[in-house]
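Here is a friendly walk through one protein model. Have a look at it first, and then we'll go from single residues to the whole.

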Amino acid sequence: MKISLSETAQLLKSKDNILLLAHKHPDGDTLGSSYALCRALTGQGKKANVICDDEIPKVLRFLANGVEPLLFEPEFIIAIDTADIKMLGDKLRTLYASKINLCIDHHISNTLYAEKTMLDDTAAATAEIIFRLLKEMRTDITPSIADCLYTGVSTDTGCFRYSNITSETLRIAAELIDLGADYARLNKELFETKSKSFAALERAALNSIEIHFGGLCAVLAVTKEMFLQSGSNDEEFDRISALPRQIEDVLVGAAIREQKNGTYKVSVRTNPPMNAAEICAGLGGGGHVNAAGCTLEGTLDEAKEKLLKAIEAALISEKKLIVG
Ligand SMILES: [Mn+2]
């Protein structure tokens with residue numbers, strides 16, 4: 001059942017011993033929203049905790065600073081920024097799947113798995129909804145709560161660059177700054193600072209870039225050795241995949257990564273009118289119009305050759321490339 005913001009505020013007023021669940025592979029929005037609400041609830045003398053199936057990424061650990069993990073038998077369980085029960089991860093799903101009393105979320109794809117759902121798919125981040133909820137509850141938004149909410153809103157919008165932002169997003173961010181959000185430090189830590197491992201992987205990846213078809217296609221390739229040497233993790237590789245398409249005039253960007261078993265995982269990103277899903281479908285993979293993937297076998301050169309053939313055919317069929 002969907003409920004409104006004021007019904008959500010009323011409901012929370014009557015509850016105590018509240019457990020907040022963040023989704024797996026936690027990001028700034030699920031954690032920022034959860035810790036903001038947790039701080040607000042404990043600030044009202046209630047008991048509240050945040051839990052997550054996965055470890056909190058280092059760059060987001062400050063969100064939990066000063067929040068004491070309390071011991072209590074949960075009476076009310078809220079999933080935050082979690083569109084599907086699967087997104088909670090195996091451990092939390094096993095423990096709580098049938099017991100989730102409320103979900104607060106902004107994903108249009110929300111499966112309404114919770115007993116009650118406060119869904120606003122016009123919000124760029126769940127943190128926007130939590131901000132409005134705290135105002136509705138007339139709770140004090142302290143500077144550390146403002147930091148948590150600013151983190152949620154800024155990370156889900158790529159630091160206010162994506163097309164999901166609205167004028168409301170910017171008004172909320174402005175209010176958060178007035179409430180003491182340390183935006184300059186947060187922007188630097190969240191968007192400008194790279195881990196040493198990421199910088200090493202990025203350097204190796206940029207060095208590997210080859211340009212094809214008169215500049216319409218860029219391909220990078222990272223071997224097992226390069227990946228191991230950098231000390232990077234999978235999430236960092238995902239960010240690397242975006243690099244080839246960022247080059248001027250490139251319509252098809254691809255990132256090839258050698259996997260542990262010697263096969264190659266390929267990520268293709270396209271700009272219109274090229275269709276990444278179509279290119280990858282021809283290679284046994286699939287995905288979305290502007291981001292898709294597939295797995296290739298053989299040597300690196302053979303994998304690259306197969307991929308380039310598919311890209312060439314797609315460029316020709318879109319009349320971006322004329323064969324003489
Ligand atoms: Mn979100």
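Before we start, one term: contact, or touching, means heavy atoms within 4.5 Å.

## Ground rules

This is a predicted model, where local features need pLDDT of at least 70 and side-chain atom pairs count only at pLDDT 80 or more, while totals for chains, interfaces and linings use all residues. Residues are numbered from 1 along each chain as its sequence is written, and side-chain values use heavy atoms, with hydrogens and water left out.

Let's begin with D147, which sits in helix α5 (residues 143-156). Leaving aside residues up to four places away in sequence, D147 touches G180, A181, D182, R185 and L186.

Is D147 buried or exposed? Buried means under 20% relative accessible area, exposed means over 50%, and partly exposed is in between, using a 1.4 Å probe and protein chains only. D147 has a relative accessible area of 11%, so it is buried.

## The manganese site

Which residues hold the manganese ion? The ion is coordinated by D29 (OD), D81 (OD), H106 (NE2) and D156 (OD), at 2.1 to 2.4 Å. Donors are N, O and S atoms within 2.8 Å of the metal (3.2 Å for Na, K and Ca), and water is not among the atoms, so sites may look incomplete. Along the chain, the donors follow the spacing D-x51-D-x24-H-x49-D. D29, in helix α2 (residues 28-43), and D81, in the loop between β3 (76-80) and α3 (90-96), are 52 residues apart, so this pair links distant parts of the chain. Both D29 and D81 are buried.

H106 is found in the loop between β4 (102-105) and β5 (116-119). With 9% relative accessibility, H106 counts as buried too. Its partners, not counting residues up to four places away in sequence, include D29, D81 and D156, along with L119, D120 and I129.

## How helices pack

Helices α2 and α5 pack at an angle of about 160°, their axes 8 Å apart. That makes α2 roughly antiparallel to α5. Axes are lines fitted to C-alpha atoms, for helices over the stretch in contact, and angles run from 0 to 180 degrees between N-to-C directions. Angles under 35 degrees count as roughly parallel, over 145 as roughly antiparallel, 65 to 115 as roughly perpendicular, and the rest as oblique. Among the residues that meet are D29, G32 and Y35 in α2, and C148, L149 and D156 in α5.

Helix α4 (residues 126-136) meets helix α6 (residues 167-178) at about 60°, with 10 Å between their axes. These two are therefore oblique to each other. The contact is made by E128, F131, R132 and K135 of α4 and E168, T169, I172, E175 and L176 of α6.

## The whole protein

Zooming out, the protein has 12 helices and 11 strands. It is divided into domain 1 (5-192) and domain 2 (196-317), with bounds that come from an automatic or database domain assignment. The centres of domain 1 and domain 2, taken over C-alpha atoms, are 34 Å apart.

Along its principal axes, the C-alpha trace spans about 75 × 40 × 40 Å. Of the 324 residues, 50% count as buried.

Key
Helices (H or I, at least four residues) and strands (E, at least two) are DSSP runs, numbered from the N terminus.
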